[in-house]
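Please look at the sequence and the structure before reading on.

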Amino acid sequence: MKKYFLLGIGIIFLVVLMSSVSAQDWYVSNTNPSCNNAGPGTLAQPLCNVTTANTRHVIGDVVYIMPGEYHEKILPKQGINENQPTVYSGYGTREQVKILGSDPVTGWTQCNPSVDPCTSTNVYYASFTAVETRNEWFEGDQHIFPYSTDCWEDRQNWFIRADLIWPFLQYGTDPSWVDAPGEYYYDHSNSRVYVWPFSSDNPNNHIMECSKRAITVLPGDIFLRSYITIQNLTIMHSYDNGIVLYSSTHHFNILNNELTYNSGRCDGNAAAIYKGGADGDPLQPGINIIGNKIHDQGACLGPGKRYNNTEHVGAGI
(Lines give C-alpha, C1' and ligand atoms only; values in the text may rest on other atoms or scores of the structure.)
Protein backbone atom coordinates (compact mmCIF):
# COMPACT_ATOMS: atom_id res chain seq x y z
CA MET A 1 0.00 0.00 0.00
CA LYS A 2 2.83 2.38 0.88
CA LYS A 3 4.45 1.71 -2.48
CA TYR A 4 1.29 2.68 -4.38
CA PHE A 5 0.80 5.74 -2.17
CA LEU A 6 4.30 6.96 -2.98
CA LEU A 7 3.74 6.24 -6.65
CA GLY A 8 0.56 8.32 -6.58
CA ILE A 9 2.37 11.20 -4.86
CA GLY A 10 5.09 11.00 -7.53
CA ILE A 11 2.55 11.20 -10.36
CA ILE A 12 0.81 14.18 -8.75
CA PHE A 13 4.18 15.91 -8.32
CA LEU A 14 5.04 15.25 -11.96
CA VAL A 15 1.73 16.69 -13.17
CA VAL A 16 2.20 19.80 -11.02
CA LEU A 17 5.78 20.17 -12.26
CA MET A 18 4.68 19.85 -15.90
CA SER A 19 1.97 22.45 -15.46
CA SER A 20 4.51 24.95 -14.20
CA VAL A 21 7.07 24.41 -16.96
CA SER A 22 7.95 27.53 -18.96
CA ALA A 23 7.60 26.95 -22.67
CA GLN A 24 10.62 27.52 -24.89
CA ASP A 25 10.29 29.28 -28.22
CA TRP A 26 12.03 27.64 -31.17
CA TYR A 27 12.60 29.29 -34.54
CA VAL A 28 13.13 27.48 -37.85
CA SER A 29 14.44 29.03 -41.05
CA ASN A 30 15.88 27.23 -44.06
CA THR A 31 16.89 30.53 -45.70
CA ASN A 32 18.80 32.16 -42.84
CA PRO A 33 22.57 31.67 -43.41
CA SER A 34 23.04 31.65 -39.62
CA CYS A 35 20.78 28.63 -39.10
CA ASN A 36 22.30 25.74 -37.17
CA ASN A 37 20.51 22.54 -36.21
CA ALA A 38 22.86 22.15 -33.25
CA GLY A 39 22.38 25.77 -32.20
CA PRO A 40 19.99 27.44 -29.77
CA GLY A 41 17.05 27.75 -32.19
CA THR A 42 16.64 31.46 -31.53
CA LEU A 43 15.41 34.13 -33.92
CA ALA A 44 19.03 35.20 -34.50
CA GLN A 45 20.31 31.64 -34.92
CA PRO A 46 17.36 29.45 -35.88
CA LEU A 47 17.22 25.76 -36.60
CA CYS A 48 17.56 24.89 -40.27
CA ASN A 49 14.62 22.53 -40.68
CA VAL A 50 11.33 21.42 -39.17
CA THR A 51 12.57 17.86 -38.74
CA THR A 52 15.11 19.03 -36.16
CA ALA A 53 12.45 21.06 -34.37
CA ASN A 54 10.29 17.91 -34.23
CA THR A 55 13.09 16.23 -32.29
CA ARG A 56 14.32 19.07 -30.08
CA HIS A 57 11.10 20.67 -28.87
CA VAL A 58 9.49 19.32 -25.70
CA ILE A 59 5.97 19.37 -24.35
CA GLY A 60 4.39 22.81 -24.31
CA ASP A 61 7.03 24.47 -26.51
CA VAL A 62 6.29 26.87 -29.36
CA VAL A 63 7.87 26.30 -32.77
CA TYR A 64 7.86 29.33 -35.09
CA ILE A 65 8.50 28.52 -38.76
CA MET A 66 9.90 31.45 -40.70
CA PRO A 67 8.79 32.29 -44.27
CA GLY A 68 9.96 29.69 -46.76
CA GLU A 69 9.12 26.32 -48.28
CA TYR A 70 9.65 23.23 -46.16
CA HIS A 71 9.45 19.78 -47.73
CA GLU A 72 8.96 18.13 -44.37
CA LYS A 73 6.46 16.77 -41.88
CA ILE A 74 5.26 18.35 -38.62
CA LEU A 75 5.27 15.96 -35.64
CA PRO A 76 4.16 17.88 -32.55
CA LYS A 77 4.67 16.45 -29.10
CA GLN A 78 1.90 16.30 -26.52
CA GLY A 79 1.08 19.65 -24.93
CA ILE A 80 0.82 20.22 -21.19
CA ASN A 81 -2.78 21.38 -20.93
CA GLU A 82 -5.30 23.52 -22.81
CA ASN A 83 -3.61 26.69 -21.55
CA GLN A 84 -0.13 25.53 -22.53
CA PRO A 85 -0.36 23.54 -25.75
CA THR A 86 2.50 22.59 -27.98
CA VAL A 87 2.34 25.08 -30.87
CA TYR A 88 3.58 25.05 -34.46
CA SER A 89 3.01 28.46 -36.01
CA GLY A 90 3.98 30.23 -39.17
CA TYR A 91 5.96 33.41 -38.54
CA GLY A 92 4.35 35.80 -40.98
CA THR A 93 1.28 35.33 -43.14
CA ARG A 94 0.15 31.79 -43.83
CA GLU A 95 0.89 32.25 -47.54
CA GLN A 96 4.56 32.83 -46.71
CA VAL A 97 5.11 29.57 -44.82
CA LYS A 98 4.52 26.44 -46.90
CA ILE A 99 4.75 22.92 -45.49
CA LEU A 100 4.83 20.52 -48.42
CA GLY A 101 4.29 16.79 -48.53
CA SER A 102 6.09 16.74 -51.88
CA ASP A 103 9.74 16.73 -52.87
CA PRO A 104 11.23 18.28 -56.02
CA VAL A 105 11.92 15.99 -58.96
CA THR A 106 14.78 17.13 -61.17
CA GLY A 107 17.06 15.77 -63.87
CA TRP A 108 14.37 14.93 -66.43
CA THR A 109 15.30 12.97 -69.55
CA GLN A 110 13.27 13.02 -72.75
CA CYS A 111 11.94 9.62 -73.74
CA ASN A 112 13.21 7.92 -76.84
CA PRO A 113 10.44 5.52 -77.92
CA SER A 114 12.90 3.36 -79.81
CA VAL A 115 14.73 2.42 -76.61
CA ASP A 116 12.54 3.60 -73.69
CA PRO A 117 9.22 2.06 -72.57
CA CYS A 118 7.15 5.02 -73.76
CA THR A 119 5.34 5.98 -76.94
CA SER A 120 6.09 9.68 -77.40
CA THR A 121 8.99 12.11 -77.18
CA ASN A 122 6.59 14.35 -75.23
CA VAL A 123 7.11 12.04 -72.26
CA TYR A 124 9.99 12.64 -69.85
CA TYR A 125 11.26 10.52 -66.98
CA ALA A 126 13.27 11.07 -63.81
CA SER A 127 14.27 9.11 -60.74
CA PHE A 128 12.10 9.50 -57.66
CA THR A 129 11.78 7.33 -54.57
CA ALA A 130 8.44 7.42 -52.80
CA VAL A 131 9.64 6.72 -49.26
CA GLU A 132 6.28 6.60 -47.54
CA THR A 133 4.23 4.15 -49.56
CA ARG A 134 0.88 2.68 -48.70
CA ASN A 135 0.39 -1.02 -48.41
CA GLU A 136 -0.25 -2.29 -51.90
CA TRP A 137 -2.55 -4.99 -53.17
CA PHE A 138 -1.79 -6.97 -56.30
CA GLU A 139 -3.89 -8.81 -58.83
CA GLY A 140 -1.57 -10.87 -60.94
CA ASP A 141 1.20 -8.49 -61.99
CA GLN A 142 -0.99 -5.41 -61.76
CA HIS A 143 -1.13 -2.91 -58.92
CA ILE A 144 -4.45 -2.40 -57.21
CA PHE A 145 -4.66 0.96 -55.41
CA PRO A 146 -1.03 2.01 -55.99
CA TYR A 147 -1.46 5.25 -54.03
CA SER A 148 2.20 5.87 -53.43
CA THR A 149 2.60 9.35 -54.83
CA ASP A 150 0.86 12.23 -56.58
CA CYS A 151 2.73 14.55 -58.94
CA TRP A 152 2.52 18.29 -59.59
CA GLU A 153 3.63 20.82 -62.18
CA ASP A 154 4.23 24.41 -61.04
CA ARG A 155 2.62 23.74 -57.65
CA GLN A 156 -1.02 23.67 -58.71
CA ASN A 157 -1.54 21.34 -61.65
CA TRP A 158 -2.19 17.78 -60.56
CA PHE A 159 -1.25 14.94 -62.90
CA ILE A 160 -3.68 12.13 -63.62
CA ARG A 161 -2.24 8.69 -62.98
CA ALA A 162 -2.10 6.81 -66.25
CA ASP A 163 -2.25 3.52 -64.35
CA LEU A 164 -5.40 4.35 -62.40
CA ILE A 165 -8.73 5.06 -64.11
CA TRP A 166 -11.40 5.72 -61.52
CA PRO A 167 -13.92 4.21 -60.86
CA PHE A 168 -13.51 1.26 -63.20
CA LEU A 169 -10.24 0.09 -61.60
CA GLN A 170 -8.51 -0.50 -64.92
CA TYR A 171 -4.76 -0.27 -64.60
CA GLY A 172 -1.88 0.17 -66.95
CA THR A 173 1.26 -1.84 -66.41
CA ASP A 174 3.96 0.30 -68.01
CA PRO A 175 4.80 3.89 -69.07
CA SER A 176 3.26 3.40 -72.52
CA TRP A 177 -0.06 4.36 -70.91
CA VAL A 178 1.17 7.94 -70.67
CA ASP A 179 -0.25 9.18 -73.96
CA ALA A 180 -1.71 12.64 -73.26
CA PRO A 181 -0.71 15.89 -71.54
CA GLY A 182 -1.20 15.88 -67.79
CA GLU A 183 -0.70 12.14 -67.32
CA TYR A 184 2.00 10.32 -65.42
CA TYR A 185 3.04 6.83 -64.46
CA TYR A 186 5.09 5.88 -61.42
CA ASP A 187 7.26 2.80 -61.91
CA HIS A 188 7.55 1.25 -58.45
CA SER A 189 10.13 -1.35 -59.44
CA ASN A 190 12.57 1.21 -60.89
CA SER A 191 11.66 4.22 -58.70
CA ARG A 192 11.09 6.27 -61.81
CA VAL A 193 8.29 8.66 -62.73
CA TYR A 194 7.19 9.30 -66.32
CA VAL A 195 5.20 12.46 -67.18
CA TRP A 196 3.73 14.20 -70.19
CA PRO A 197 3.79 17.86 -69.06
CA PHE A 198 0.64 19.93 -69.49
CA SER A 199 2.46 22.31 -71.79
CA SER A 200 4.33 19.52 -73.61
CA ASP A 201 7.37 21.50 -72.56
CA ASN A 202 10.59 20.22 -71.04
CA PRO A 203 9.79 19.67 -67.33
CA ASN A 204 13.28 20.89 -66.43
CA ASN A 205 11.82 24.36 -67.15
CA HIS A 206 9.12 23.95 -64.49
CA ILE A 207 8.75 23.20 -60.79
CA MET A 208 8.10 19.48 -60.82
CA GLU A 209 7.25 17.73 -57.55
CA CYS A 210 5.87 14.41 -56.40
CA SER A 211 4.26 13.72 -53.06
CA LYS A 212 6.36 11.69 -50.65
CA ARG A 213 4.60 12.18 -47.31
CA ALA A 214 1.17 10.69 -46.74
CA ILE A 215 0.28 13.15 -43.97
CA THR A 216 1.91 16.53 -43.36
CA VAL A 217 0.75 17.14 -39.77
CA LEU A 218 0.55 14.00 -37.65
CA PRO A 219 -0.06 14.38 -33.89
CA GLY A 220 1.16 10.98 -32.83
CA ASP A 221 2.75 7.73 -33.79
CA ILE A 222 2.48 4.96 -31.22
CA PHE A 223 1.12 7.49 -28.71
CA LEU A 224 -1.80 9.72 -29.64
CA ARG A 225 -1.28 13.34 -28.66
CA SER A 226 -3.49 16.24 -27.63
CA TYR A 227 -3.15 19.84 -26.38
CA ILE A 228 -1.70 21.00 -29.69
CA THR A 229 -2.12 24.11 -31.86
CA ILE A 230 -1.34 24.26 -35.60
CA GLN A 231 -1.72 27.75 -37.00
CA ASN A 232 -0.83 30.19 -39.74
CA LEU A 233 0.59 27.70 -42.23
CA THR A 234 -0.03 26.62 -45.82
CA ILE A 235 -0.18 22.82 -45.93
CA MET A 236 -0.14 21.17 -49.34
CA HIS A 237 0.85 18.17 -51.46
CA SER A 238 0.33 15.36 -48.95
CA TYR A 239 -0.70 12.29 -50.91
CA ASP A 240 -3.34 11.34 -48.37
CA ASN A 241 -4.49 13.93 -45.80
CA GLY A 242 -3.16 17.31 -44.72
CA ILE A 243 -3.86 17.01 -40.98
CA VAL A 244 -5.02 13.90 -39.12
CA LEU A 245 -6.94 13.92 -35.86
CA TYR A 246 -7.25 10.55 -34.21
CA SER A 247 -10.66 9.61 -32.82
CA SER A 248 -9.37 10.10 -29.27
CA THR A 249 -7.51 13.37 -29.96
CA HIS A 250 -8.82 16.25 -27.85
CA HIS A 251 -7.91 19.91 -27.24
CA PHE A 252 -6.48 20.42 -30.71
CA ASN A 253 -6.56 23.83 -32.40
CA ILE A 254 -6.34 24.20 -36.18
CA LEU A 255 -6.39 27.94 -36.76
CA ASN A 256 -5.98 30.22 -39.79
CA ASN A 257 -4.26 27.69 -42.05
CA GLU A 258 -4.60 27.15 -45.78
CA LEU A 259 -4.88 23.53 -46.92
CA THR A 260 -4.76 22.81 -50.63
CA TYR A 261 -3.81 20.16 -53.18
CA ASN A 262 -3.59 17.37 -50.63
CA SER A 263 -4.44 13.89 -51.95
CA GLY A 264 -5.22 12.75 -55.46
CA ARG A 265 -7.85 10.36 -54.13
CA CYS A 266 -11.39 10.46 -55.40
CA ASP A 267 -13.35 9.36 -52.35
CA GLY A 268 -14.57 10.67 -49.03
CA ASN A 269 -11.20 10.02 -47.42
CA ALA A 270 -9.48 12.70 -49.52
CA ALA A 271 -9.61 15.18 -46.68
CA ALA A 272 -7.69 18.29 -45.83
CA ILE A 273 -8.43 17.57 -42.17
CA TYR A 274 -9.25 13.96 -41.39
CA LYS A 275 -10.86 12.77 -38.17
CA GLY A 276 -10.54 9.12 -37.27
CA GLY A 277 -13.42 7.07 -35.94
CA ALA A 278 -16.83 6.23 -37.36
CA ASP A 279 -18.92 8.63 -39.40
CA GLY A 280 -21.05 10.75 -37.15
CA ASP A 281 -18.84 10.37 -34.10
CA PRO A 282 -18.74 13.67 -32.20
CA LEU A 283 -15.56 15.67 -31.87
CA GLN A 284 -13.68 15.28 -28.62
CA PRO A 285 -13.63 18.25 -26.21
CA GLY A 286 -11.48 21.24 -27.11
CA ILE A 287 -11.32 20.69 -30.88
CA ASN A 288 -11.28 24.11 -32.56
CA ILE A 289 -11.07 24.35 -36.35
CA ILE A 290 -11.46 28.02 -37.12
CA GLY A 291 -10.55 30.42 -39.93
CA ASN A 292 -8.96 27.86 -42.24
CA LYS A 293 -9.09 28.21 -46.01
CA ILE A 294 -9.53 24.80 -47.66
CA HIS A 295 -9.61 24.55 -51.44
CA ASP A 296 -8.63 22.36 -54.39
CA GLN A 297 -8.42 19.40 -52.06
CA GLY A 298 -8.54 15.84 -53.37
CA ALA A 299 -9.29 15.07 -56.99
CA CYS A 300 -11.56 12.93 -59.13
CA LEU A 301 -10.16 11.65 -62.37
CA GLY A 302 -12.02 12.66 -65.47
CA PRO A 303 -13.94 15.83 -64.57
CA GLY A 304 -11.19 16.93 -62.18
CA LYS A 305 -13.56 17.75 -59.32
CA ARG A 306 -12.03 18.68 -56.00
CA TYR A 307 -13.41 18.47 -52.49
CA ASN A 308 -13.52 20.73 -49.44
CA ASN A 309 -13.67 24.14 -51.05
CA THR A 310 -14.70 26.10 -47.97
CA GLU A 311 -13.79 28.63 -45.35
CA HIS A 312 -13.95 27.17 -41.84
CA VAL A 313 -15.39 29.60 -39.35
CA GLY A 314 -16.25 27.23 -36.50
CA ALA A 315 -15.62 23.81 -35.06
CA GLY A 316 -16.25 21.00 -37.50
CA ILE A 317 -14.60 19.04 -40.25
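Which order do the strands of the open sheet of four strands have? The order is 6-16-11-12, and the pairing is antiparallel. Strands are DSSP runs (E, at least two residues), numbered from the N terminus, and two strands pair if DSSP finds at least two bridges between them. Strand 6 (102–104) and strand 12 (157–158) are at the edges with a single partner strand each, so one side of each has no neighbour in the sheet.

The model is predicted; local features need pLDDT of at least 70, side-chain atom pairs count only at pLDDT 80 or more, and totals for chains, interfaces and linings use all residues. Residues are numbered from 1 along each chain as its sequence is written, and side-chain values use heavy atoms, with hydrogens and water left out.

An open sheet of six strands pairs in parallel, in the order 1-2-4-18-21-24. Its edges are strand 1 (25–28) and strand 24 (287–290); each has a single partner strand, so one side of each lacks a neighbour in the sheet. Thr229 has Asn253 in strand 21 as its bridge partner.

| Pair | Sense | Bridges |
|---|---|---|
| Strand 18 (residues 228–231) and strand 21 (residues 252–255) | parallel | four bridges |
| Strand 11 (residues 151–153) and strand 12 | antiparallel | two bridges |

As for confidence, the mean pLDDT (the predictor's confidence in each residue, from 0 to 100) is 78 for the protein, and 74% of its residues reach 70 or more.
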